[in-house]
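Have the structure open as you go.

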Amino acid sequence: MDKNKVKLNQYIDAYNVKYNILDEDVPQFDCLITDDMVGAFRKFAETEEQLREQSEIMNLNGTVIFTKDNRSYLIVVNKNQFNEGNDYIHTIFHEYTHVLDYHSYMKANCICNFDKLIESKYIDAFYLWTEYHARYIGTENYYNHQLNSNQIFDEDMRQFITEQTEAKFEQLNKELQEFLENKQNPKLMTHNNFLNVMYNVTQHFARFSAFKKYGVNALDNASFPISYLEHSLSIDILEYNKLLESSNNCNKLFELKKLSLLIDKIYKYTCIY
């Protein structure tokens with residue numbers, strides 16, 4: 001077996017032990033390491049619905065594909081993740097979390113394929129929650145590895161994460177600005193655009209939550225764009241973050257109804273203001 005695939009399997013085993021994942025909760029899956037992400041989608045994707053813009057697929061660090069064969073899962077990891085920074089660790093923890101979340105959600109709702117998944121009642125809430133869950137776990141375990149392998153030390157870690165946090169503030173400001181500009185054009189202000197900005201905000205919240213472990217609380221930082229965030233997505237956006245944070249230690253399917261209602265409330269605000 002390829003040595004890099006062995007590394008992925010070792011971290012998956014470590015994940016199962018750390019989070020007490022039972023064999024019965026793990027679906028059939030495999031891992032693929034490739035430098036041709038587009039080719040992997042074309043070869044293995046179960047339905048056309050999974051295909052996206054080629055430029056987007058090419059730049060993915062990793063992804064999960066529902067395959068044509070036996071409707072199993074395929075974790076696809078971009079070969080460029082096996083670098084000096086060991087980015088593959090973040091990627092495999094992230095994507096394997098998606099596999100477990102998808103499996104739990106589909107099993108709980110008697111969903112058998114990708115088309116039925118995207119038609120399901122709470123798909124928007126699930127889509128955002130699993131991204132939060134995966135980003136949180138990936139970030140937490142990646143930085144744990146950096147500390148445990150002595151590649152970076154506590155004081156350096158806090159400084160590094162503080163710098164990372166402030167860089168994310170700048171990115172978040174740009175994303176909110178683009179969202180508000182799109183609102184001026186009815187053709188651009190679609191539900192998908194709303195989900196896109198919520199997806200980005202959700203990823204930021206997950207990182208910020210994981211960073212707390214290292215003594216960095218982004219939301220207490222004076223530079224955190226709270227006013228801009230609330231203006232863009234309503235005062236309910238912090239309640240959304242709290243609800244997501246309550247799932248940090250939850251390795252089973254999260255209760256999605258309350259999250260779904262809150263997302264709908266935020267969306268209605270964006271349509272009015």
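The largest nonpolar core has 71 residues, and Leu 233 and Tyr 240 touch the most other members of it. A nonpolar core here is a set of buried Ala, Val, Leu, Ile, Met, Phe, Trp, Tyr and Cys residues joined through side-chain atoms within 4.5 Å. Buried means under 20% relative accessible area, exposed over 50%, and partly exposed in between, using a 1.4 Å probe and protein chains only. Helix H6 (residues 123-148) gives the most to this core, with 11 residues. Apart from this core lies another one of 10 residues, including Met 37, Val 38, Ala 45 and Ile 57. In soluble globular proteins, nonpolar side chains tend to be buried together.

A word on what you're looking at: this is a predicted model, where local features need pLDDT of at least 70 and side-chain atom pairs count only at pLDDT 80 or more, while totals for chains, interfaces and linings use all residues. Residues are numbered from 1 along each chain as its sequence is written, and side-chain values use heavy atoms, with hydrogens and water left out.

Back to Tyr 240. Which residues is Tyr 240 in contact with, leaving aside its neighbours within four places in sequence? They are Leu 128, Met 198, Thr 202, Phe 205, Leu 259, Leu 262, Ile 263 and Ile 266. Contact means heavy atoms within 4.5 Å.

Helices (H or I, at least four residues) and strands (E, at least two) are DSSP runs, numbered from the N terminus. The axes are lines fitted to C-alpha atoms, for helices over the stretch in contact, and the angles run from 0 to 180 degrees between N-to-C directions.

| Pair | Angle | Axis separation |
|---|---|---|
| H6 and H8 (residues 191-211) | about 30° | 8 Å |
| H6 and H11 (residues 257-272) | about 100° | 9 Å |

H6 and H8 are therefore roughly parallel to each other, whereas H6 and H11 are roughly perpendicular. The cut-offs are under 35 degrees for roughly parallel, over 145 for roughly antiparallel, 65 to 115 for roughly perpendicular, and oblique for the rest.

The crossing of H6 and H8 is right-handed; that label applies if the near helix is turned clockwise from the far one by less than a right angle, and left-handed if anticlockwise. On the H6 side, the residues that meet H8 include Leu 128, Tyr 132, Arg 135 and Tyr 136. Their partners in H8 include Leu 195, Met 198, Thr 202, Phe 205 and Arg 207. By class, the contact of H6 with H8 has 12 nonpolar, five polar and five charged residues. For that tally, Ala, Val, Leu, Ile, Met, Phe, Trp, Tyr, Cys and Pro count as nonpolar, Asp, Glu, Lys and Arg as charged, and the others, Gly among them, as polar.

Over at H11, the meeting involves Asp 124, Ala 125, Leu 128 and Trp 129 from H6, with Leu 259, Ser 260 and Ile 263 from H11. Sorted by class, the contact of H6 with H11 has five nonpolar, one polar and one charged residues.

Most residues other than glycine have a negative phi, and most peptide bonds are trans. Asn 20, not a glycine, has a positive phi of about 55°. It sits in the loop between helix H1 (3-18) and strand S1 (29-34). Ser 234 also has a positive phi, near 80°, and is found in the loop between helix H9 (226-233) and helix H10 (237-245). Are these two residues buried or exposed? Asn 20 is exposed, with a relative accessible area of 63%, whereas Ser 234 is buried at 4%.

A few other spots are worth a click. Ile 12 is in helix H1 and counts as buried at 5% relative accessibility. Leaving aside neighbours within four places in sequence, Ile 12 is in contact with Phe 29, Cys 31, Ile 92 and Tyr 96. Ser 120 is in the loop between helix H5 (114-118) and H6, and at 13% relative accessibility Ser 120 counts as buried.

Ala 45, from the 10-residue core, lies in the loop between helix H2 (37-44) and helix H3 (54-58) and is buried at 6%. Asp 35, in the loop between S1 and H2, counts as exposed at 64% relative accessibility.
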